[in-house]
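Here is a short note for a colleague who is opening this entry. Please read the points with the structure in view.

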Amino acid sequence: ETITVTTNGETIEGSPQPAVEHVEEVITPIVTDPGRMRLVQIDPVEVGHIRRIEIEPGHFYEMKTVAVNPPVFLIPDFLTLEECERIKSLAQEKGLEKSRTVLRHSVDQAVDTNLDPYFNKDTFTKFDEDGNQFLNIAEARKALTYVEGIGNMSDQAFTYFIDIVVDLDSDRFLSDLEFRRIPLIMTKISEWIANHQDLEKWDPDDLARMKKGPDRLSHQVWMKRPVYDESKNITNRLIGLTGLHPDIINTSEELQVVHYTPGGHYHAHHDSTNFIADRPCSHTAHLYPPDPTRHLHSARICRYMTVLYYLADTEEGGETAFPAADNETFSESTMVKDNKTIEPSNLSMHCKDANLYVRPKKRMAVMWYNHFFDHNTGWMGDRNLFAFHGGCDVIKGEKWIANNWINVDNNYEIQMKFHYESLHKTDEPVINTDITPKAAETTEDQKSPPDETEQETPHNAAGESIKSEENVVQLKQEL
Ligand SMILES: O=C(O)CCC(=O)C(=O)O
Ligand SMILES: [Fe+2]
């Protein structure tokens, strides 16, 4: 039984350390104002701090702090071996799909109505010679020969062109949706081809993106609680671990199971979107009063915490990395590490430059806060940028994880309404006040454009994907 954690260059390896200081505690929700729910944010104390928490009567779990900002904890024996095996086999039974992004969902909607004489399903099928529902590079080349400028492009330039301009999910194949989207971006395509005939003249950003590869390369499936956790063992343990009110855990997203093979990774990103006034959370968007300008604001993904489980050991690579954990400053685009300037999000190149990286360990949970806790309101504060994280390239073997995201709306009343509606399945909302999104606090977020980090479309507890109707707007912005 070994766990390996590297924090700021210092590797802690070996059995989970015999605790220097064993603090036995039960984490319980703090209720000051009776009836008013509060969130909990567990004090990390300091890196290396170990607690033993009694989650089930007489059953203690070790919880170790590996970063303070954001607070990141490891719980080595959180899941049982049987639970790991069961979740994996259920995931395989259900079938994993290539990880899709919000952007790609937006294309589903935008292109479905597009009936182009050439870029349509029939043409796609004709060129999909191997019939695998995707055009590989050779098939795509044939299908696109008629586009001006493609004919005299080198193979390498064509590959780059597909990767950068056409292949939205960066899986290096064209799906029929990506193919049918082409006429919508024809202007952009012609411009791009005109400016990139010559590889020497390439924009360094484009070249960097090529080297970085796809943002996310994995397969995934969503699973409902009654399926993977019939007797609610895991759910109750999660309630005990987080100290959050059961309603929050019970109404959070489904479990997302992810499988990576060698080369698979997820470049560093934020799991939660920054707070912007008038942009509702996707999980509660339907509860806001009707707003005629709603379509102008895309929904945010509001995830107070992430609890990630490792369902298997990985032979080599596949670490979960937090490039900026406990750093003094944060920048998503550049970071100075050991006198080198690096792009911290590129985990294929800079996994080991991350301030914190955790080696996958079967049964272990990694838990962290994507937001601060507001001590005045007892509720969710701003997003903590230092929670920027991702999954490094798997080098050897496989990586299996499951994400348990814990959703909280910044707006307390809306979150309460959401609990009521989800748990009582009624159309009659319990709170019927004139609720408007809380005004944005004065943060940089207000000035900066919406977060462009590609995120998965979350699934709600009932199993429907939480699609924002505003996706089309996002697509337009992209074009
Ligand atoms: O694979 C990992 O270790 C991290 C995955 C992750 O960050 C995510 O799925 O959001
Ligand atoms: Fe993530």
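The points below cover the metal site, the ligand shell, and a few strands and residues.

1. Basis. This is a predicted model, in which local features need pLDDT of at least 70, side-chain atom pairs count only at pLDDT 80 or more, and totals for chains, interfaces and linings use all residues. Residues are numbered from 1 along each chain as its sequence is written, chains are lettered from A and ligands numbered from 1 in the order in which they are written, and side-chain values use heavy atoms, with hydrogens and water left out.

2. The iron ion. Three residues coordinate the iron ion (ligand 2) at 2.1 Å: His 269 through NE2, Asp 271 through OD and His 389 through NE2. Donors here are N, O and S atoms within 2.8 Å of the metal (3.2 Å for Na, K and Ca); water is not among the atoms, so sites may look incomplete. Along the chain, the donors have the spacing H-x1-D-x117-H. Asp 271 sits in the loop between strand E11 (265–269) and strand E12 (303–310), while His 389 belongs to strand E21 (residues 389–391), so the pair ties together parts that are 118 residues apart in sequence. Strands (E, at least two residues) and helices (H or I, at least four) are DSSP runs, numbered from the N terminus.

3. Cover at the metal. Asp 271 is buried, at 4% relative accessibility. His 389 is buried too, with a relative accessible area of 4%. Buried means under 20% relative accessible area, exposed over 50%, and partly exposed in between (1.4 Å probe, protein chains only).

4. The shell of ligand 1. How many residues surround ligand 1? There are 14, and the closest are Tyr 260, Thr 320, His 389, Lys 399 and Asn 403. A residue counts as near if one of its heavy atoms lies within 4 Å. By class, the shell has five nonpolar, six polar and three charged residues. Nonpolar covers Ala, Val, Leu, Ile, Met, Phe, Trp, Tyr, Cys and Pro; charged covers Asp, Glu, Lys and Arg; the others, Gly among them, are polar. E11, E21 and strand E23 (399–407) each supply at least two shell residues. E23 gives the most, with four.

5. Polar contacts of ligand 1. A polar side-chain atom of His 269 is 3.1 Å from an oxygen atom of ligand 1. For Asp 271 the distance to an oxygen atom of ligand 1 is 3.2 Å. The protein covers 99% of the 300 Å² of accessible area that ligand 1 has on its own. That area comes from the Shrake-Rupley method with a 1.4 Å probe.

6. His 267. This residue is in strand E11. His 267 is buried, with a relative accessible area of 2%. Its side chain reaches the backbone oxygen of Ser 345 at 3.3 Å and the backbone nitrogen of Leu 347 at 3.0 Å.

7. Strand E1. Five of the five residues in strand E1 (residues 3–7) are buried. Ile 3, Val 5 and Thr 7 point one way, Thr 4 and Thr 6 the other. In a regular strand the side chains alternate between the two faces of the sheet. E1 pairs with strand E17 (residues 356–358) in the antiparallel sense, over three bridges; pairing needs at least two DSSP bridges. Thr 7 has Leu 356 as its bridge partner in E17.

8. Ile 164. Helix H5 (residues 155–166) holds Ile 164. Ile 164 is buried, at 14% relative accessible area.

Definitions and conventions
Polar contact = N/O pair within 3.5 Å; in protein donor to acceptor, adjacent residues only side chain to side chain.
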